[in-house]
Amino acid sequence: MEPRKRPEYVLEVLADPTCVKDVVRGILHTIFFHRYFPSMRPSCLEVLDLTLPVVADPELETLIETRVGQLVRQLSSTSSPSGGSRGELGVRFFEKHRRKAGGLGGWLTGTGKSEEEVCWEVWKLKITLTTPRTETERMTLLRAEAPALHKTAMTIVKIVNRDKDHIPPITTSETNPFPYEILLNPRAEYDGKAIGFFS
């Protein structure tokens, strides 16, 4: 049986230093709002006069804050003289599969786990930080950011409403049936598992 191909979605984000943190947080929460399956009480975040959903889970919020903070520090430290820098965040969702018994099992792979995590969906946020040099540039960027954020949020909604067939069935009673990770600057992947990621 051929392994199912997992979808990968790429979102381009343009932001200025004053709101990059809130914009990226809002986009991540919007993705998780539609892919986080435990019962939750929704909350919201106001970003650039837009109301975006928030998953009010302390563990997830801490992870988002940590990765966004790392991204902002990286963007700030790599800013070019022309006033821009780029970074990327990756979000991956997994399902747990029972490993097939037999052979060398976990001995060869160095793990004694009876389960493996197989990635079923990937989101990539490609963030461009733009630092306006003049007041005119700042106003132009500010006017463009809100519609761009709205378009990104609506793109997420369209994708999650359109692409559902790849979501695995929930086969566990665990609070969160699908583990996830948020990675700073994902580099390469092999067979659904991370290689060369750093965070």
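Start by selecting D163 and R162: their side chains meet in a salt bridge, 2.7 Å from N to O. A salt bridge here is a side-chain nitrogen of Lys or Arg within 4 Å of a carboxyl oxygen of Asp or Glu. You're looking at a predicted model, where local features need pLDDT of at least 70, side-chain atom pairs count only at pLDDT 80 or more, and totals for chains, interfaces and linings use all residues. Residues are numbered from 1 along each chain as its sequence is written, and side-chain values use heavy atoms, with hydrogens and water left out.

Now colour the pair by exposure. Buried means under 20% relative accessible area, exposed over 50%, and partly exposed in between (1.4 Å probe, protein chains only). D163 is buried, with a relative accessible area of 18%, while R162 counts as exposed at 58%.

**Next stop: K21 and E65**

Select K21 and E65, whose side chains form a salt bridge of 3.9 Å, N to O. This pair links distant parts of the chain, with K21 in helix α1 and E65 in helix α2 (residues 58–77), 44 residues apart. Helices (H or I, at least four residues) and strands (E, at least two) are DSSP runs, numbered from the N terminus. K21 is partly exposed, at 40% relative accessible area, and E65 is partly exposed too, at 31%.

**Along helix α1**

Select residues 20–35, which make up α1.

**Over to strand β1**

Select residues 8–15 for β1. In a regular strand the side chains alternate between the two faces of the sheet. Show the side chains here: Y9, L11, V13 and A15 make the covered face, and E8, V10, E12 and L14 the uncovered one.

Bring up β5 as well, at residues 115–130. Two strands pair if DSSP finds at least two bridges between them, and β1 and β5 pair in the parallel sense over 8 bridges. Pick E12 to find its bridge partner in β5, K126. Then pick E8 and K124, whose side chains meet in a salt bridge of 3.3 Å, N to O. E8 lies in β1 and K124 in β5, so the pair ties together parts that are 116 residues apart in sequence. E8 itself is partly exposed, at 40% relative accessible area.

**Last stop: the cavity**

Rolling a probe the size of a water molecule over the atoms shows where empty space is left. On a 1 Å grid over the protein atoms alone, a cavity is a set of points where a 1.4 Å probe fits but cannot get out, and lining residues have an atom within 4 Å of a point. Volume is the space filled by probe spheres set on the points, which are joined across faces, edges and corners. There is 1 cavity of 30 Å³ or more, and the largest cavity holds about 50 Å³ of space.

Select its lining: E12, V13, L14, V23, I27, L48, E145, A148, L149 and T152. Which element gives the most to this lining? That's α4, with 4 residues.

Conventions
1 Å grid on protein atoms, 1.4 Å probe; cavity = no way out; pocket = protein on both sides within 12 Å on 5 of 7 lines; lining within 4 Å.
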